[in-house]
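Open your viewer and get ready to select residues by number. We will go stop by stop.

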Amino acid sequence: MRRILVVSAGLLGALGVATAAMASHGEDVRNLAAISAMALAHAPVLLLVGFVGRGRVLSISGLILAVGCIIFIADLAMRHWAATPLFQGAAPIGGAGMILGWLGIALSALTKAVVHD
């Protein structure tokens, strides 16, 4: 699971930088700016959880956060480049996944093992 989180972090980081660059050179860049913001906000968290996180609650929360972020970003990308949603309700499902992931991270602080000592 850690490897999945670190790979997701790297891909989201690269996507965030790329879409920030695209947004600075185009018109109608609302979705590109949102993709960049979401990717760059969540990539460092996933990287941290992947490298030093410990515990089942934290790992599962990181995975839920990653999946939610990817679904949300994919929906924005489809809307930008294909003018159609990823699927009906993708953005709210992705957003709910991100919210649940963050709440799970908060909950993991109540467990014994959150980070490596």
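This is a predicted model: local features need pLDDT of at least 70, side-chain atom pairs count only at pLDDT 80 or more; totals for chains, interfaces and linings use all residues.

**Stop 1: α2 and α3**

Select residues 30-52, which form helix α2, and then residues 56-81, which form helix α3. Look at their axes. They come within 10 Å and cross at roughly 165°. Angles over 145 degrees count as roughly antiparallel. The two helices, α2 and α3, are therefore roughly antiparallel to each other. Their crossing is left-handed.

Now show the side chains at the contact. On α2, pick residues including Ile-35, Met-38, His-42 and Val-49. On α3, pick residues including Leu-65, Phe-72, Leu-76 and Arg-79. Colour the contact by class: 17 residues are nonpolar, four are polar and one is charged.

**Stop 2: α1 and α3**

What angle do α1 and α3 pack at? The angle is about 30°, and the axes are 11 Å apart. Angles under 35 degrees count as roughly parallel. So α1 and α3 are roughly parallel to each other. The crossing of α1 and α3 is left-handed.

Select the residues that touch here. From α1 come Ile-4, Leu-5, Ser-8, Leu-12, Leu-15 and Met-22. From α3, the residues include Gly-62, Ala-66, Ile-73 and Trp-81. By class, this contact has eleven nonpolar and three polar residues, and no charged ones.

**Stop 3: Ser-36**

Go back to helix α2 and select Ser-36. Is Ser-36 buried or exposed? Its relative accessibility is 7%, so Ser-36 counts as buried. Leave out residues up to four places away in sequence, and Ser-36 touches Gly-16, Thr-19 and Ala-20.

**Stop 4: Asp-75**

Move to helix α3 and select Asp-75. Asp-75 has 0% relative accessibility, so this residue counts as buried. The cut-off for buried is under 20%.

What does Asp-75 touch, not counting residues up to four places away in sequence? The answer is Pro-85, Leu-86, Phe-87, Ala-90 and Ala-91. Zoom in on Leu-86. Its backbone nitrogen lies 2.9 Å from a polar atom of the Asp-75 side chain.

**Stop 5: Ala-91**

Helix α4 covers residues 90-108. With residues up to four places away in sequence left out, Ala-91 touches Phe-72 and Asp-75.

Draw a line between the C-alpha atoms of Ala-91 and Phe-72. How far apart are the two residues in sequence, and how far in space? They are 19 residues apart in sequence and 4.8 Å apart in space.

**Stop 6**

Asp-28 has a positive phi of about 50°, although it is not a glycine. Asp-28 has 64% relative accessibility, so it counts as exposed.

Next select Ala-83, in the loop between α3 and α4. Ala-83 also is not a glycine, and its phi is positive, about 55°. Is Ala-83 buried or exposed? At 68% relative accessibility, Ala-83 counts as exposed. The cut-off for exposed is over 50%.

**Last look**

Zoom out and show the helices again. Find α3 between its two partners on this tour: α2 is roughly antiparallel to it, and α1 is roughly parallel to it.

How values were computed. Residues are numbered from 1 along each chain as its sequence is written. Side-chain values use heavy atoms; hydrogens and water are left out. Axes are lines fitted to C-alpha atoms, for helices over the stretch in contact, and angles run from 0 to 180 degrees between N-to-C directions. Helices (H or I, at least four residues) and strands (E, at least two) are DSSP runs, numbered from the N terminus. Angles under 35 degrees count as roughly parallel, over 145 as roughly antiparallel, 65 to 115 as roughly perpendicular and the rest as oblique. A crossing is left-handed if the near helix is turned anticlockwise from the far one by less than a right angle, and right-handed if clockwise. Contact means heavy atoms within 4.5 Å. Ala, Val, Leu, Ile, Met, Phe, Trp, Tyr, Cys and Pro count as nonpolar, Asp, Glu, Lys and Arg as charged, and the others, Gly among them, as polar. Buried means under 20% relative accessible area, exposed over 50%, partly exposed in between (1.4 Å probe, protein chains only). A polar contact is a pair of N or O atoms within 3.5 Å; within protein, one must be able to donate a hydrogen and the other to accept it, and residues adjacent in sequence count only if both atoms are side-chain atoms.
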